[in-house]
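Colleague: I am new to this structure. Can we go through it in short steps?

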Amino acid sequence: MWFRQDLRLADNPALVDACDRGEIIPIYILDDENADSWKIGGASRWWLHHALEDLNRSLNQGLQLYKGEASAILSDLAHQTGAEAIVWNRCYEPWRIARDAKIKSALKDQGLDVQSFNGSLLWEPWQVLKKDSTPYKVFTPYFRRGCLSAIAPRQPIPIPGRINISKTSTHSLRLEDLSLLPKINWDEEMNARWDISEAAAHTRLDEFVMDDLQDYREGRNFPNKPNVSRLSPYLHFGQISPNIAWHRASEAGAFVTNEQSLDTFLSELGWREFSNYLLYHFPKLPTDNLQARFDLFPWAENTDADLKAWQRGNTGYPLVDAGMRELYNTGYMHNRVRMVVGSFLVKNLLVHWHHGERWFWDCLVDADLASNSASWQWIAGCGADAAPFFRIFNPITQSEKFDKQGAYIRRYVPELANLPDKYIHAPWLAPSEILMAAGVGIGIEYPAPIIDIKESRERALAAFAVTKVQPSEI
Ligand SMILES: Cc1cc2nc3c(=O)[nH]c(=O)nc-3n(C[C@H](O)[C@H](O)[C@H](O)COP(=O)(O)OP(=O)(O)OC[C@H]3O[C@@H](n4cnc5c(N)ncnc54)[C@H](O)[C@@H]3O)c2cc1C
């Protein structure tokens, strides 16, 4: 049983199949070689370490660990152990699809029975197509017409009654040998924040559906409210399946008086599906603009200083800085703030979306090739069903609207904690005596804005106009 992005026992179709066959050898392979530029990022490696530790515990210390080229490792293992079959749940990143197809055919040639299952998505991407058999490019018809009118997501499958782990000895590495933990001590706050286990994923889902789902539709917009599920890393690593989340929320929906909240939550799970769907049908999603006219976009040059200020949360815009520091310190950022910081980078600073995507890849514990690429393309306006480019989030008005008293800002930008609500969103506008009383020197304790919002908006719109030029006019 080859575990990949399904680090759980519950609702795991490949595990059920393996256990039905008899004794199993559960394995995990850290395959950085095939991943190439999509090697798992720093924060996700930290998460993976703990998720593997938890899975190993659940398997009575029976999980075998390997590092390197998956094909060679699997082939050797099959030889050494005399395994008759290899099973896994499918992954949808282009590099994994290509690798897995090769592995499948090589192992079959070796005489093994190789089976793969769907353990990560509610609907297989190739099953949802328009009437003309082409893929959808717009979310609402994809989800409403393509998914919801198709067969409902299957019910979760129970944990196998008996998981009989083979005693065959192999050359498993120790978890430490995978070197997944950071060398420097930046995971302190992350350790305090997250409980990385399959059981914790279920507890969080239960809490969410009993309490926070009730007001999800509205509450999900406010970064300081508890209404979002924070299930994304558990879903990415497969510590909980989307089927479990879908059905448990739907069942609890009977008690949720605000029906629209349930509908909104299910459609967010739908966005996760849609991102995977886009990545499957448009495998260049992580690198190429889906709308080719954006290839002409005149990104700013010499942006190193701006990029660094953004990455470190030193832009002088409190909501942007709070978001970037939340990301760096906890491995997570609230969705609304992801949209605000993304828009600020791509539109106000005119930095290519690839740079934002890369930083998120390294810093997010939920870094997911499909959701991250699709979301960055959405923010940049070049995606399939993207926010129009001219919709530029204003970080001051977003902050006034969604963090009115600045509770979120005060938490992640403590140097502004003593400012009155009125000035927390744009501290440089505060009179000097108020700044002094709050202990804030602009340009000293807290940076002055690195760019003017109005001017940079005009600059972005002028840059955008270039994408409307026909290639023949260049
Ligand atoms: C620039 C940018 C980058 C992003 N990168 C990632 C990423 O690498 N990995 C990732 O999982 N999400 C990403 N998202 C989407 C979204 O921000 C997160 O999924 C969400 O904030 C996770 O928090 P949650 O679990 O509390 O979400 P909830 O609001 O509780 O939603 C439930 C689940 O639905 C899915 N979901 C929600 N919103 C989206 C969305 N817009 N797109 C795809 N799936 C969604 C997630 O699996 C999430 O766990 C990104 C968004 C932006 C704007």
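Modeller: First, a working rule: two residues are in contact if their C-beta atoms, placed from the backbone, lie within 7 Å. Bear in mind that this is a predicted model.

Colleague: How many residues of domain 2 are in contact with domain 1?

Modeller: Contact is counted on each side, and domain 1 gives 13 residues. The domain 1 side has six nonpolar, three polar and four charged residues. On the domain 2 side, the count is 16 residues.

Colleague: Where does the ligand lie relative to domain 2 and domain 3?

Modeller: The shell around the ligand has 27 residues, and the closest are Val228, Ser229, Asn335, Asn372 and Ser375. Domain 2 (121-156 + 199-281) and domain 3 (292-468) both give residues to this shell. The ligand therefore lies between them.

Colleague: Which elements give two or more residues to the shell around the ligand?

Modeller: By class, the shell holds eleven nonpolar, nine polar and seven charged residues. The elements that give two or more are α10 (232-236), α12 (259-281), α15 (335-348) and α17 (369-380).

Colleague: α12 also packs on helix α6. Are α6 and α12 roughly parallel or roughly perpendicular?

Modeller: Helix α6 covers residues 139-147, and its axis is 10 Å from that of α12. Phe139, Tyr142, Phe143 and Cys147 of α6 make the contact with Ser267, Gly270, Trp271, Glu273, Phe274 and Tyr277 of α12. By class, this contact has seven nonpolar, two polar and one charged residues. The packing angle is about 100°, so the two helices are roughly perpendicular.

Colleague: Now α8 and α11. Which residues of α11 meet α8?

Modeller: Helix α8 (residues 198-210) and helix α11 (residues 242-252) have axes that come within 9 Å. From α8, the residues are Leu205, Val209 and Met210. The contact divides into six nonpolar, no polar and one charged residues. The α11 partners are Ala245, Arg248, Ala249 and Ala252.

Colleague: Is the crossing of α8 and α11 left-handed or right-handed?

Modeller: The axes cross at roughly 30°. That makes α8 roughly parallel to α11, because angles under 35 degrees count as such. The crossing of α8 and α11 is right-handed.

Notes. Residues are numbered from 1 along each chain as its sequence is written. This is a predicted model: local features need pLDDT of at least 70, side-chain atom pairs count only at pLDDT 80 or more; totals for chains, interfaces and linings use all residues. Ala, Val, Leu, Ile, Met, Phe, Trp, Tyr, Cys and Pro count as nonpolar, Asp, Glu, Lys and Arg as charged, and the others, Gly among them, as polar. A residue is near a molecule or strand if its C-beta atom, placed from the backbone, lies within 6 Å of it. Helices (H or I, at least four residues) and strands (E, at least two) are DSSP runs, numbered from the N terminus. Domain bounds come from an automatic or database domain assignment. Axes are lines fitted to C-alpha atoms, for helices over the stretch in contact, and angles run from 0 to 180 degrees between N-to-C directions. Angles under 35 degrees count as roughly parallel, over 145 as roughly antiparallel, 65 to 115 as roughly perpendicular and the rest as oblique. A crossing is left-handed if the near helix is turned anticlockwise from the far one by less than a right angle, and right-handed if clockwise.
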